[in-house]
Amino acid sequence: KGMVVDTYTNPHELLDNIAKYAYETKIAIDNNYKNSDLKGTDIAQKLHDIGYNNLYILSGENSEDIDCNDYATALLKTDIDSIQRILSKPTP
């Protein structure tokens with residue numbers, strides 16, 4: 001509903017294109033990419049370091065076990081209600 005979603009299957013492609021997104025953009029990142037050496041936490045850290053703060057890591061593991069160092073929010077991939085609620089909230 002009024003939301004634009006871009007999808008990247010390779011996190012390096014996301015990092016290569018990140019400049020086209022405003023710092024307020026909500027970014028949901030998978031924690032385990034099969035085709036990359038980067039984990040979602042690595043990507044979130046890189047994005048946080050350059051100024052992005054609305055970062056969410058989606059994982060199949062227990063979200064409480066994912067160390068985001070307060071720069072991202074970890075969510076279970078299967079918790080569709082929480083994902084939808086967070087991503088549909090207006091950005092500040």
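**Close-up views of the predicted model**

Ser-59 is buried, with a relative accessible area of 1% (buried is under 20% relative accessible area, exposed is over 50%, and partly exposed is in between, using a 1.4 Å probe and protein chains only). All the views come from a predicted model, where local features need pLDDT of at least 70, side-chain atom pairs count only at pLDDT 80 or more, and totals for chains, interfaces and linings use all residues. Residues are numbered from 1 along each chain as its sequence is written, and side-chain values use heavy atoms, with hydrogens and water left out.

**View 1. Ser-59 sits in strand 2.** Strands here are DSSP runs of E with at least two residues, helices are runs of H or I with at least four, and both are numbered from the N terminus. Look around Ser-59 and you'll find Asn-31, Ile-66, Leu-75, Leu-76 and Lys-77 in contact with it, leaving aside neighbours within four places in sequence. Contact means heavy atoms within 4.5 Å.

**View 2. Helix 2 (residues 40-49) and its buried residues.** Those residues are Gly-40, Thr-41, Ile-43, Ala-44 and Leu-47. They cover an arc of only 160° around the axis, which puts them on the same side of helix 2; the arc is that of the directions from the helix axis to the C-beta atoms. Their cover includes helix 1 (11-17), strand 1 and strand 2 (55-59).

**View 3. The largest nonpolar core, with 19 residues.** A nonpolar core is a set of buried Ala, Val, Leu, Ile, Met, Phe, Trp, Tyr and Cys residues joined through side-chain atoms within 4.5 Å. Ile-27 and Leu-47 touch the most other members. Zoom in on Leu-47 and its partners include Leu-14, Leu-15, Ile-18, Ile-29 and Tyr-52, with residues up to four places away in sequence not counted.

**View 4. Helix 3, with Ser-82, Ile-83 and Ile-86 buried.** These residues cover an arc of only 100° around the axis, which puts them on the same side of helix 3. Strand 2 and strand 3 (73-76) are among the elements covering them. The face turned away from the buried side carries the exposed residues Ile-80, Asp-81 and Gln-84.

**View 5. The largest pocket, with about 710 Å³ of space.** A pocket is an open set of points on a 1 Å grid over the protein atoms alone, where a 1.4 Å probe fits, with protein on both sides within 12 Å along at least five of seven lines; lining residues have an atom within 4 Å of a point. Of the 24 lining residues, Val-5, Asp-6, Lys-26, Ile-27 and Ala-28 are the closest to the centre. Strand 1 (27-30) and helix 3 (80-88) are the elements giving two or more residues to the lining, and strand 1 gives the most, with 4 residues. By class, you get 13 nonpolar, 5 polar and 6 charged residues.

**View 6. Pro-90, in the segment after helix 3.** Pro-90 counts as exposed, at 73% relative accessibility. The C-alpha atoms of Pro-90 and Ile-43 are separated by 23 Å, and the two residues are 47 apart along the chain.

Technical notes:
Points joined across faces, edges and corners; volume = space filled by probe spheres on them. Nonpolar A, V, L, I, M, F, W, Y, C, P; charged D, E, K, R; others polar.
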